[in-house]
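Dear colleague,

I am handing over the structure below, and after it you will find an account of what was found. Please read the account with the coordinates open beside it.

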Amino acid sequence: MRFRSLTAFTLGAALLAGPAGPAKRPAWRLPIEVKTLPNGLTVVVSEDHSLPTVGVSVVYRVGMRLEPKGRTGFAHLFEHMMFQGTPVAPKGVFDRVIQGGGGLNNGSTRYDYTNYIESAPVSALEPILWLEADRLKALDFSPQNLKNQQEVVKEEIRVNVKNQPYGTFWLDLPAAAYTRWENNHDGYGSFEDLDHADLKDVQAFHGSYYTPSNAVLGIAGDVKPAEVFALVEKYFGHIPGKPKPALPDLKEPLNTAEIRLVKTDALARVPAVAVGWKMPARGSKDHAPAAVLAELLIGGDASRIYLGLVKGKALLLNASGGLNFPLGGAWDYDGQTLFSLFSLYKPNADADKVLAALDEIIAAVATQGVTPAELERTKTKMVADFYSGLEIPLSRADSLAKAQALWGSAAHLNEIPRLIEGVTVDDLKRVAATYLTRPNRTVIDYHTAAAKP
Amino acid sequence: MTPTRHALTLLLTVSALPLAAAAAEVPLPKDLPPYGADRAIPALNITQRTLPNGLAVWLVNRPGFPKVSAYLAVRGGNAHDAADRQGITGFMAGLLNEGTATRTSQQIAEELQTIGGELGAFASADAVFVQGSCLSTGLPTLINLLADVTRHPNFPEKEVELAKANTLQGLLAQEAQPAFKANRAFNTAIFGDHPYRFTSIAPQVVKATTPESLRALHAARFQPNQAVLVISGDLQEAATLKLITAALGDWKVTGEALKPLKEAPATAAHQFLLLPRPGSVQSTLRVGRPALSATHPDYIPMQLANTILGGSFGSRIVKNIREDKGYTYSPGARAAGMQVGGSYQVRADVRTEVTAASLMEIFYEMDRMGTTPVGEAELQSAKRYMGGTYLFQNQMLRALTGTLATYWVNGQKPEALSEFIPKVNAVKAEEVRRIGRTYFASKDQTVVVVGDEAKAKAELEQFGPVQILKN
């Protein structure tokens with residue numbers, strides 16, 4: 001977590017005891033207090049005094065989807081620029097102050113948001129808030145820093161994509177599955193576009209999207225809400241408000257004809273397959289069922305795809321996937337998303353065999369449903385994993401800020417266990433039949449460069 | 001002195017100027033508020049018991065979050081395997097949750113789901129770790145499952161065959177990863193014939209494995225007097241001890257004592273090794289040497305020195321080759337301490353044409369640690385960073401539990417946890433310089449590069465003769 005990155009960033013995750021839930025699933029709730037300043041900045045606080053630490057997350061409601069055309073990769077490059085200093089705190093100060101306070105920091109760019117996170121002993125909270133407010137006001141728009149980070153980002157793409165086998169499946173799937181440029185372009189960026197980015201772009205992006213009304217500040221840990229609200233007022237209150245930038249509706253209908261591509265990967269030694277289905281919108285009636293269905297299908301060693309294809313037919317070497325995988329989880333997306341899976345397959349397999357076996361598994365759920373016992377234990381595992389995602393102050397601050405930014409309600413985070421509880425067998429059948437269809441499917445078959453014997 | 005060495009010295013002199021200038025850091029903004037007063041870290045109460053059969057039990061009650069984490073560690077890891085079967089312990093560990101005398105792999109997986117749990121095992125060089133977690137309400141079930149896979153795995157024929165096929169295919173897939181290839185070449189180069197050289201099981205060892213050989217290995221290694229069970233989270237000590245005694249109290253000592261490992265080497269040759277990887281667009285660099293065991297008196301000072309040199313985002317190497325030069329995205333460094341030895345390693349993936357330039361800067365920063373004393377501000381910052389990150393990691397139940405189990409394997413007491421930060425804070429600047437001089441001098445490091453053969457070779461030859469590796 002030392003390095004600002006675009007790729008998946010996960011953390012393990014204390015909550016307050018709440019009302020009793022169903023047997024065997026303890027119900028836990030985070031204490032949540034929310035306040036919006038006159039300039040539009042929303043602050044979410046969750047207190048827990050078990051250890052003298054604090055987590056901070058600032059979520060801006062802009063991601064790869066809203067970067068300018070002809071500037072692929074710009075939202076991420078901009079995220080890097082947020083660490084390159086300001087007119088008041090030149091490059092180096094940010095890291096020096098946070099590290100000197102015993103803290104860690106990072107940032108990541110996603111389709112619909114960009115987040116900036118810090119975790120530190122609570123003694124460092126005030127300087128951290130000062131630094132976050134400072135970079136919301138203005139950046140040091142210097143050509144040297146831009147050039148430096150253009151190089152660093154290109155190295156990031158080399159190490160994560162160009163020098164890796166199947167380094168690009170999470171870029172390849174959206175590129176093939178979606179029709180709108182905002183959804184299907186390369187969010188890591190072409191080197192040509194990255195090189196063409198200039199300071200005007202940086203300035204314009206900051207001016208449009210890095211405004212108090214487009215940001216949520218989450219703070220969790222050894223703090224009292226009233227004290228935090230006063231500090232935030234002190235450091236952010238005087239930043240001028242601007243209207244919240246408009247959010248275009250970028251949803252797409254389900255696909256009506258299967259999309260299938262073969263890619264030959266020069267670096268790979270073992271073939272692989274990536275499959276994605278377009279999925280329901282966040283907060284729709286099909287959202288929670290889709291999340292439970294994804295868990296039931298590929299959530300671990302007791303999931304149907306693992307038991308059927310890694311064990312059972314032994315076609316796959318491994319099976320990883322999920323709703324909004326791999327750049328996020330089931331609850332932190334807003335625009336279009338996919339249920340994706342990625343697997344290396346074995347010498348006895350080919351993509352057709354894998355797809356036929358997947359279809360069989362999906363058809364079984366869509367037509368016969370699942371037993372109440374299987375649904376119950378799947379829900380238990382999901383609730384346990386949801387709690388794990390809130391174990392430490394940093395992940396609470398980040399999850400709360402994302403819930404406020406994406407759902408419009410931080411308090412909604414506490415509702416997620418209830419959404420999971422509410423899913424029925426009929427919901428699973430409906431969602432499997434509606435979304436996990438062949439016409440709505442995108443498949444990329446990765447072959448190794450050496451032809452099969 | 002070779003011409004290469006000369007070129008290196010020359011470049012060091014040149015690059016020292018801007019950095020020396022940069023060392024005088026800009027003053028902090030005048031309005032920046034100061035840090036607040038540090039708050040005390042609550043004491044960690046660890047209950048320690050030893051069952052009559054020798055099993056050590058450490059329990060940490062940490063209420064407030066509805067989960068528990070468990071680690072059972074058994075001494076004897078991949079380094080204790082016969083030279084021609086190395087890695088068999090890790091392979092065996094991977095099969096512990098794939099079937100017991102009374103449960104199939106699927107039954108284990110489904111029972112775990114009912115408690116929101118997970119359970120798996122892996123081997124380090126020194127030990128096998130059986131690791132699990134679940135909702136705190138499921139702790140009785142977790143303890144029973146953990147005891148079952150630890151004591152009664154039966155290595156079913158079908159599961160062993162599947163694991164063999166998947167491991168063989170996984171080994172092939174691994175060969176595509178530059179980081180894997182670099183680590184293997186590095187470990188082989190620095191540890192010579194010591195078993196810490198192990199990186200990955202060989203295909204022929206996988207092929208020769210049978211359910212019987214795994215059962216025999218399990219019976220020989222898994223002994224209660226060679227094991228610790230650590231459980232942390234929302235638990236009650238007395239009730240948990242009762243559950244543990246019921247599940248593991250009648251586990252008997254039957255095998256032979258584990259043969260101790262010989263000390264790992266303390267030094268390795270200064271050499272430049274290139275492992276060609278056709279199609280590489282970067283050079284994957286490893287610069288390092290054999291170093292310290294986890295209990296060596298220099299281990300904690302070395303961790304501090306490493307934080308300054310390359311082990312943190314604000315470290316010298318990251319500032320130099322990333323934030324100043326833009327050569328790389330992900331530079332880093334790590335001091336890894338094991339039971340009878342360890343390693344030190346600086347790593348970076350850099351675009352091929354700056355391979356030599358990057359190495360030059362890494363060498364410069366390594367040598368500077370031994371020649372110039374670290375300033376007070378930088379030293380204090382590194383100490384606070386280490387204190388903060390240690391607190392950060394041990395907020396997480398799984399990390400806390402794993403740290404404690406590893407302490408036990410290394411022969412340390414749980415008190416080592418609360419002694420860590422005070423020991424870091426006691427290190428003086430002069431000690432950091434001694435660590436730099438003793439361990440970081442560039443003339444003592446082994447260099448491994450995975451990358452484009454022709455281009456990377458030309459880059460490396462600026463330093464001395466280059467040996468081309470096969471794997």
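Across the interface of chain B and chain A, 29 residue pairs are found in polar contact, both residues of each pair being at pLDDT 80 or more; please keep in mind throughout that this is a predicted model. On the side of chain B that touches chain A, the elements α3 (105–114), α5, β8 (282–290), α11, β10 (342–351) and α13 (376–393) of chain B each supply at least two residues, and the largest share of that side, eight residues, comes from α5(B). Counted as a whole, the contact takes 87 residues from chain A and 85 residues from chain B. The two chains bury about 7,300 Å² between them, and 60% of this area is on carbon and sulfur atoms. Seven salt bridges are counted between chain B and chain A; one of the salt bridges joins B:Glu159 to A:Lys311, with the closest N and O atoms 3.2 Å apart.

Helix α1 of chain A, residues 74–81, is mostly covered, since eight of its eight residues are buried; among them are A:Phe74, A:His76, A:Glu79 and A:His80. What covers these buried residues includes β6 (104–109), β7 (114–121), α4 (143–162), α7 (191–196) and α8 (199–209) of chain A, together with α11 (316–324) of chain B.

The aromatic residues deserve a separate paragraph. Over all chains, the structure holds 27 aromatic pairs. One of these is the edge-to-face pair of A:Phe83 and A:Phe94, at 5.6 Å centre to centre and with 85° between the planes. Because A:Phe83 lies in the loop between α1 and α2 (93–100) of chain A while A:Phe94 lies in helix α2 of chain A, the pair ties together parts that are 11 residues apart in sequence. A:Phe83 is buried, with a relative accessible area of 3%, and A:Phe94 is buried as well, with a relative accessible area of 9%. The rings of A:Phe342 and A:Tyr446 also form an edge-to-face pair, because their planes stand at 70° and their centres are 6.4 Å apart. Here A:Phe342 belongs to strand β12 (residues 338–344) and A:Tyr446 to strand β13 (residues 441–448) of chain A, so the pair ties together parts that are 104 residues apart in sequence; both residues are buried. Beyond the pairs, one aromatic cluster is formed by A:Tyr60, A:Phe74, A:Phe78, A:Phe83, A:Phe94, A:Tyr116, A:Phe205, A:Tyr209 and A:Tyr210.

Charged side chains meet rings as well. The charged end of A:Lys162 sits over the ring of A:Phe191, 4.8 Å from its centre, and in chain B, B:Arg384 lies over the face of B:Tyr35 at 5.0 Å from the ring centre.

Finally, some backbone details may be of use when you set up calculations. The peptide bond from A:Phe325 to A:Pro326 is cis, with omega near 0°, and A:Pro326 is placed in the loop between β11 (320–323) and β12 of chain A. A:Ala314, although not a glycine, has a positive phi of about 50°; A:Ala314 lies in the loop between α11 (304–310) and β11 of chain A and is buried, with a relative accessible area of 17%. B:Phe155, also not a glycine, has a positive phi of about 45°; B:Phe155 lies in the loop between α4 (139–151) and α5 (157–174) of chain B and counts as buried at 0% relative accessibility.

With best regards

Conventions
Residues numbered from 1 in each chain as written. Chains lettered and ligands numbered in written order. Heavy atoms only, no water. Buried < 20%, exposed > 50% of the residue type's maximum accessible area, 1.4 Å probe, protein only. Helix = DSSP H or I, 4+ residues; strand = E, 2+ residues; numbered from the N terminus. Contact = heavy atoms within 4.5 Å. Phe/Tyr/Trp six-rings, centres within 6.5 Å; stacked < 30°, edge-to-face > 60°. Lys NZ or Arg CZ within 6 Å of the ring centre and 35° of its normal. Buried area = accessible area lost by both parts, 1.4 Å probe. Salt bridge = Lys/Arg side-chain N within 4 Å of Asp/Glu carboxyl O. Polar contact = N/O pair within 3.5 Å; in protein donor to acceptor, adjacent residues only side chain to side chain.
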